[in-house]
Amino acid sequence: MLEIRDVSVRFDDAEAPAVAHVDLDLPVGEVLAVLGPSGCGKSTLLRAVAGLEPLASGSVSYDGRDLARVPTHRRGFALMFQDGQLFPHQSVAGNVGYALRLRRVPAARVAARVGELLDLVGLPGFGDRAPATLSGGERQRVALARSLAGEPRLLLLDEPLSALDRAMRERLAHDLRDILVNAGTTALFVTHDQEEAFAVADRMALMRAGRVVQQGSVDDVWRAPVDAEAARFLGYATVLTGAAAGRVQRSAGAGHVADQLALRRSALRVAPDGPLTGRVLSARTTPELVRLRLDVEGVGEVDAVAPLPVVGGTVPGLGTAVPLVVDLTRTAPVLDSEVSGGWS
Amino acid sequence: MRGGWRQGLAVAALAALPVAVFAVFFLLPLGGMVGRGFVADGRLDVGGVLSVLGRSRVHQVLWFTIWSAGAATLVTVLLGLPLAFVLHRLSFPGRGLLRAFVLMPFVLPTVVVGVAFRTLLASSGPLGALRLDGTPVAIVAAMVFFNLAVVARTVGALWEGLDRRREEAAATLGATPLQVFRTVTLPALVPGIVAAASVVFLFCATSFGIVLTLGGLRYGTVETEIYLLTTQLLDLRAAAALSVLQLVVVTVLLYVAQRTRARREQALDRSTGRLSARRPTTRDLPVLAITATAFVLLLAPLLSLVVRSLRENGAWTLVHYRALATDGGGALLVPATTALANSWRVAVDATLFALVLGLLVTLVVSRRPRSRSGRRAVATLDAVFLLPLGVSAVTIGFGFLVTLDRPPLDLRSSAVLVPIAQALVALPLVVRTLSPVLRSVDPRQRQAAASLGASPWRVLLTVDLPVMWRPVLAATGFAFAVSLGEFGATSFLARPDRPTLPVVVYELISRPGQSNFGMALAASVVLGVLTVVVMALVERLRLGSVGTF
């Protein structure tokens, strides 16, 4: 199990530490996603775990052994970079077999293992290709195979998918999850993309300005963001406070009323006999539904959705009043009791 | 189509002047030399050339040239690699100063380097006990001294541009620091090392001033042998044969260097280049120790030169410097101060000439024509203008003498020969400094400017010129320094009554007598300081590409 205790990392030229007093635990066999905006220190944390950045304070230990004096190459933590960092002078097979050759594994066994790994990442027969001839997604797959080859105790992934286009990212996120679970790999995974974190990780830690502000299972974090900013980062469009939050929850018959409520864009839905009423500010048709911006009486400006009009029907016109229902499964109570700046 | 045709015409017009100058002042003299070697009594005579190449003295000279240049290249690379690492991958206070210092020997006039080593190794010098004066070891050491900057700069620039994360990836896969170097860093550096080594070998194999001042008559390279055959033995045919031989070898080497350089530029394009130097740690101690040794090698001859120039009969004195204003008791035709003034005037002319030619050549060779034949023409031109880098200055000077001596071009006694020859020697450096910068301008910037309504002239003014003025200044300094120190061609061409300072230094050390040697030291210091000041001004411009070939 990886234990990160009170870790801080400082850069010479910066006033604030890049990573400040971070505590994290990662049990064997689990995948932990560290989620945060760019510049929050998450990649620096990853590099510190790999032993590539010196700690200003705190400790990183694995299975109870402090790693302070263990250099990177003896930690057994493979780091996969955002852009793969394949060795351009070696073939795909040369890259994947790199860690094995370092250990002087016989060539025949290296070749066999490289073949297995290329099958695993979906690139059978790619061994003789040069890295320069691969697409971005293929390079990341090769980098993943290279990282897995040495059977590292811990796999560190630094935004492995963010250099890829959207379709490739979704497909590879799914594959990545399968590969990690099947191999039983313990992985620490850094990303700024919440979808990626949901798709790949078991547990999640939210990081902001060098600090971990919330951690837990993906579900727990997602269902109860720690504050309004965390909620917005997790993809909630609006955070309501006070009376507005109360009105929305009570209209759906909620038993317990939270002081702050985060709404996804689809939390309010146009429906006949809905208890709330909103005036349409704008409407935009998408392939699946109509997205509305509404001014809801006693709540304020929020997003809502309406079903696509039947053939010959019309989208609600600007300024018209529409009835609304609330889908509580698309909302989340925000834990933070402090009221921070009303709804937005 | 019409646009392409007009563009081609414009490029041809730009190229016309440099090509014409190059034809008259480089290819013609070169051709004249080849002719002298192969044509005897109006008939092609290959046998005569072969018989020259069969002489045992020639074998001796050839063998010495190859092994001394080879040994010097090897030592330069071995010392230069740690230096490149320390100066480009570690960050510590004073690094900028050290980088400038490493560059200094490279721009020092070769006669100054030779004289400095003699003061260090002479029996009365600080290292006199080693009895290295006049030995091949001294020659090799001076070659290393001279060329360390080439390796440190060329490899260092490449090293600095390597993405550190590639090495980190290897470390997280379990590679020890040594394994990381061997399997990841070194393969990435190989093109740079090969390019630097081939340039160093070239410089060593064609070095003239160093060998002449340190080797005397006992040890000669092809280059000094050509000089001796021409000026002392008057065996022009043997000299021509050796020149041709040298030209062939140099062309092959340049071709190899060019090929690896092209590959390196490709390689650099691909790296995203996150530049990061780290602080030194205790693990770097061995590398730091080698670097310190290299700095001692660089510093010792210079210190020794300066100290010796200030001493006479065991006391500190400025007498040698005062003597520079005299004719040295009849040793010289004109005082050294007059020679300094000559050097300065010649350098101004040569620099101007090299810059005009260099700018025109750069504008042409940094084009990327659409047609295949256009591209091939540009590539050929690029390679041809690199030739003076390797063709020995002695060959150029000698060629001038044998071809420009009759109408319509009888320039033997003209004062313009020296600046022209020096400009040709400086030309490759000017082009090497300017063309990477111009090539690095994204063509889409020009297209963007044109699409916003800028005329071709306006594009040149607003897109190209802003990035060019600094390299142009740097190239000016480079050409000036080269011209100030040029010895090979000048020693042939300078008229006895109008010598440059390097020629005077050589004359002084070839004559016996303590006071002559003292004057040579003082003149060397003045020449060295002048060159270094010019280069320091250039270095202030902080131009990364200066000194990389």
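Biologist: In β2(A), which residue is the bridge partner of Leu2(A)?

Modeller: This is a predicted model, where local features need pLDDT of at least 70 and side-chain atom pairs count only at pLDDT 80 or more, while totals for chains, interfaces and linings use all residues. Residues are numbered from 1 along each chain as its sequence is written, and chains are lettered from A and ligands numbered from 1 in the order in which they are written. Strands here are DSSP runs (E, at least two residues; helices are H or I, at least four), numbered from the N terminus. In β2(A), Leu2(A) is bridged to Leu26(A).

Biologist: How many bridges pair β1(A) with β2(A)?

Modeller: Two strands pair if DSSP finds at least two bridges between them. β2(A) covers residues 19-26, and its pairing with β1(A) is antiparallel. The number of bridges is five.

Biologist: Which residue of β4(A) is the bridge partner of Ile4(A)?

Modeller: β1(A), residues 2-9, runs antiparallel to β4(A), residues 57-62, with five bridges joining them. In β4(A), the partner of Ile4(A) is Val60(A).

Biologist: How far apart are the centres of the two domains of chain B?

Modeller: Domain bounds come from an automatic or database domain assignment. Domain 1 of chain B is 1-26 + 310-549, and domain 2 is 55-272. Taken over C-alpha atoms, their centres are separated by 21 Å.

Biologist: Which helix gives the largest share of the side of domain 1 of chain B that touches domain 2?

Modeller: Contact means C-beta atoms, placed from the backbone, within 7 Å. Domain 1 of chain B brings 33 residues to it and domain 2 brings 36. Helices supplying at least two residues of the domain 1 side include α17(B) and α20(B). The largest share, 10 residues, belongs to α23(B).

Biologist: In chain A, how many residues does domain 2 bring to the contact with domain 1?

Modeller: Chain A splits into domain 1 (2-228) and domain 2 (232-333). Their centres, over C-alpha atoms, are separated by 38 Å. Domain 1 of chain A gives eight residues to the contact, and domain 2 gives 10.

Methods. Contact = placed C-beta atoms within 7 Å.
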